[in-house]
Amino acid sequence: MFISIVIPTYNRKPILEKCLRALEKQQLTDAKISDYEVVLVDDGSTDGTLEWLAKHHDEFPHVCPFAQNHLGPAAARNLGVEKAKGDIIIFIDSDLVVTEKFLQSHADALASGEEELGHDRLFTYGWVINTCNFENPTSESYKITDFSAAYFATGNVAIARKWLEKVGLFDTGFQLYGWEDLELGVRLKQLGLKLIKCPEAVGYHWHPPFNLAQIPNLIDREIQRGRMGVLFYQKHPTFEVRLMIQMTLLHRILWGVLSLGGTLNERTLAPILQWLIDQGKPQLALEIARIFLNWYNVKGVYAAYDEFVKG
């Protein structure tokens with residue numbers, strides 16, 4: 001198989017450097033993979049990403065860069081698939097640093113999955129481990145909070161190109177944050193594709209340590225995710241999607257109670273969050289912040305749905 005790794009990026013040059021260097025160090029141990037390329041789509045970055053890559057192009061023989069205006073990750077991934085040469089597409093994010101056996105693990109899982117199932121209606125999904133260790137991201141161990149029940153998520157997934165083309169790629173109507181990959185997953189599920197988990201294909205998802213200055217952007221992202229969730233539900237008006245986007249009475253009650261009706265918010269919890277950060281526990285602080293972040297998300301979902309109903 002010839003593999004194309006499709007990566008959309010937007011203003012993530014420091015961690016993108018680590019991402020691309022890791023992909024140049026792949027150890028291919030058998031003949032399953034004939035070759036591979038890294039299709040990097042710059043989504044209108046303003047941090048000198050393409051200029052840096054042009055200056056260092058000799059270090060990245062597998063990288064094929066492309067550029068577009070800032071249209072969002074769905075459009076960037078679609079362009080990447082269009083430009084890709086491979087019969088297998090692997091999607092990762094530009095803040096993901098993979099291990100040396102990443103490609104081989106996906107290839108092995110695809111081949112063994114096809115042999116076991118007796119057909120090729122499948123895709124593989126690797127582990128994504130969250131870390132805020134920039135210097136050595138691959139040193140992080142797997143945590144319970146890294147578990148994902150998503151059927152199809154583009155953080156670390158390998159799939160035959162033909163299935164993406166058959167379902168029509170990503171819906172570029174998802175221009176705000178969230179859901180474009182899971183929505184495509186619903187269409188793949190309707191085709192009967194089976195998810196094959198591939199924990200050997202590990203990617204370390206880097207993000208900066210949580211601090212209080214990030215909260216306004218995190219709140220805005222949750223509101224955007226709520227709006228895109230309603231678009232997801234418009235396309236697939238099922239109870240399963242309502243559960244995914246948190247548009248149920250259960251979620252409204254759950255996060256309403258946990259946040260004490262919004263009383264536990266970014267202002268009232270700030271002293272506790274800052275204390276945890278000062279104690280060297282930014283991840284725990286972020287998990288506590290999710291109490292009010294999820295409340296903002298649920299409110300965003302219902303606000304966007306009310307707009308949709310009214311017209």
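Which residue's side chain meets that of Lys32 in a salt bridge? I found Asp108, at 3.0 Å, N to O. I counted a salt bridge when a side-chain nitrogen of Lys or Arg lies within 4 Å of a carboxyl oxygen of Asp or Glu. Lys32 sits in the loop between helix 1 and strand 2 (35-43) and Asp108 in helix 4 (residues 102-117), so the pair ties together parts 76 residues apart in sequence.

I noted that this is a predicted model: local features need pLDDT of at least 70, side-chain atom pairs count only at pLDDT 80 or more, and totals for chains, interfaces and linings use all residues. Residues are numbered from 1 along each chain as its sequence is written, and side-chain values use heavy atoms, with hydrogens and water left out.

I took helices (H or I, at least four residues) and strands (E, at least two) as DSSP runs, numbered from the N terminus.

Next I looked up exposure (buried is under 20% relative accessible area, exposed over 50%, partly exposed in between; 1.4 Å probe, protein chains only). Lys32 is partly exposed at 29%. Asp108 is partly exposed at 30%.

I then checked Arg161 and Glu165, whose side chains meet in a salt bridge at 2.8 Å, N to O. They are four residues apart in helix 5 (residues 161-167), so about one helical turn separates them. Arg161 is buried at 16%, whereas Glu165 is partly exposed at 46%.

Arg267 is exposed at 59%; Glu266 is buried at 17%.

I logged 20 salt bridges in the structure. Lys13, Glu17, Arg21 and Glu59 are linked in a network of them.
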